[in-house]
Amino acid sequence: MNFTAPDRLCSRQAHFSRRTLLGAGASGMFLSQLAHALARADELGVTDPSRPLSVILLWLEGGPSQLETFDPHPGTSIGGDTKAIKTSAAGIQIADTLPQLAEQMHLVSLVRSVTGKEGDHQRAVYNVKTGFRPDPTLIHPSIGAVLCESDPGDSDIPRHISILPGGAPARGGYLGGAYDAFKIGDPAGPVPDVRRSVKQDRYDKRIDDLYNVVEKEFRRGRIAELETKRTLHVTATDAALRMMSSEQLSAFDVSEESQTTLAAFGDTPFGRGCLAASRLIEAGARCVEVTLGGWDSHINNHSLQSAACETLDPAIASLLVRLRDRDLLENTLVVCGGEFGRTPTINPAGGRDHWPHGFSTLLAGCGIRSGHVFGETSPTPKLDSKNPTQDVADVTTVADLHATILAALGVPFAEEVYTPIGRPMKRSEGTPIRSLLA
């Protein structure tokens, strides 16, 4: 399995018991609604080919609690110590752990009814990042890989990037290693391995030897299509050399920003990652994933979730404002969420356990309806283990969430692509949330 759970996440033993949509197969009413939405997007310039659509995924690794973030139920038996606060979107409240985000809620929508069938970190990460449950016969591609494959383009810097990648960086899956995310750490440091360590003449000789000696000998006697279908040696080398000499490389360097801007995002690796994500999207990247850990709260849930929110809050609020102010939000989809939520009940250690039955995801930009909530969880759930979704209104499967994201990005989500062995696979098996795309 290529998506592996980070070692710092809990073990099982630790638990307490918009473009081409005609192939979607949706109803005529749905297609007409999407056609209206896409027509409006065209008026805004969202589908202008000169302004490609991009996505920033803020990945909350470990399972953020919906009750301490986007879906609080204060004053109830499940609410814990979290209070709710008003936001800039009429009628919408979120947890008091996110006061800066509350001021920008008019820019976003919340899906409070995401439901999956995986309660294990490793399997749930795979499910949410790809839209499919783990399958022993193949590896599915992540959102960024699907976007880059469906809309080929060119850039000196990688088009698919993972910042602070944690234990499960986005992968290309059956689309191939060329669609794997390019991984970097804290943007406070330099991008690794992009500066030559020898003098120019020696460097030039090494490159010449690589192409004319090493690669030539490597290919001798091997299949004719070794480069195009197997190794991608030359392709990868060309891309790396182009990146090393490109002015676009400066997009990784957040030190070019003012101290005021850096402080607004928060003096944390994640804050700098979000700032770098906006710079990279502006420079030509199509998908940037930024990971924030610290959400696995089987003990001391409130303090752990609150601490993680202290890092998330200024970073996501400042990211939304920056994208809006730089006229990037109409063409950039921001997605914020994790692999599952946390249980409504609080365990004897003051923690919340894994809960895939009605957790929350934030969506913003790229034509997504703003200031809106879809789905609802009960403040007094019955918690029937045989029917956990009875406590959730407007159930949204993980596949539905993926279809919504891909539709917002203009990807023909129901279109079939073929794996290397010729197996047909749909990009998504879900149905987009209509009200978010209208």
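**Entry 1: cavities**

I began with the largest cavity, which holds about 110 Å³ of space. For the record, a cavity here is a set of points, on a 1 Å grid over the protein atoms alone, where a 1.4 Å probe fits but cannot get out, and lining residues have an atom within 4 Å of a point. Grid points are joined across faces, edges and corners, and the volume is the space filled by probe spheres set on the points.

A note on what I am looking at: this is a predicted model, where local features need pLDDT of at least 70 and side-chain atom pairs count only at pLDDT 80 or more, while totals for chains, interfaces and linings use all residues. Residues are numbered from 1 along each chain as its sequence is written, and side-chain values use heavy atoms, with hydrogens and water left out.

Which residues lie nearest the centre of the largest cavity? I found P344, W355, G358, T377 and S378 there, out of a lining of 15 residues. By class, that lining has seven nonpolar, six polar and two charged residues. Ala, Val, Leu, Ile, Met, Phe, Trp, Tyr, Cys and Pro count as nonpolar, Asp, Glu, Lys and Arg as charged, and the others, Gly among them, as polar.

Next I turned to the second largest cavity, with a volume of about 90 Å³. Its lining includes W59, V128, K129, G338 and H402. Two or more lining residues come from each of β1 (54-60), α3 (121-130), β8 (332-337) and α11 (398-408); α11 gives the most, with three. Helices (H or I, at least four residues) and strands (E, at least two) are DSSP runs, numbered from the N terminus. This lining has seven nonpolar, four polar and one charged residues.

**Entry 2: around that second cavity**

I then followed helix α3. Eight of its 10 residues are buried, so α3 is largely enclosed by the rest of the structure. Buried means under 20% relative accessible area, exposed over 50%, and partly exposed in between (1.4 Å probe, protein chains only). The buried residues of α3 pack against β1, α4 (143-150), β7 (287-292), β10 (354-355) and α11.

N127 is in α3 and is buried, at 6% relative accessibility. Beyond four places in sequence, N127 touches G116, K117, E118, F132, R133, V398 and H402, where contact means heavy atoms within 4.5 Å.

G338 is in the loop between β8 and β9 (341-342), and is buried at 3%. How far apart are G338 and V128 in space? I noted 7.6 Å, C-alpha to C-alpha, for residues 210 apart in sequence. Leaving aside neighbours within four places, G338 is in contact with W59, L60, P64, V128 and F359.

**Entry 3: aromatic rings**

I found one aromatic pair in the structure. F182 and F252 form this edge-to-face pair, at 6.1 Å centre to centre and 65° between the planes. F182 lies in strand β6 (182-184) and F252 in the loop between α7 (233-244) and α8 (259-265), so the pair ties together parts 70 residues apart in sequence. Rings of Phe, Tyr and Trp (its six-membered ring) pair if their centres lie within 6.5 Å; planes under 30 degrees apart count as stacked, over 60 as edge-to-face and the rest as tilted. F182 is partly exposed at 25% relative accessibility, whereas F252 is buried at 3%.

Terms used:
1 Å grid on protein atoms, 1.4 Å probe; cavity = no way out; pocket = protein on both sides within 12 Å on 5 of 7 lines; lining within 4 Å.
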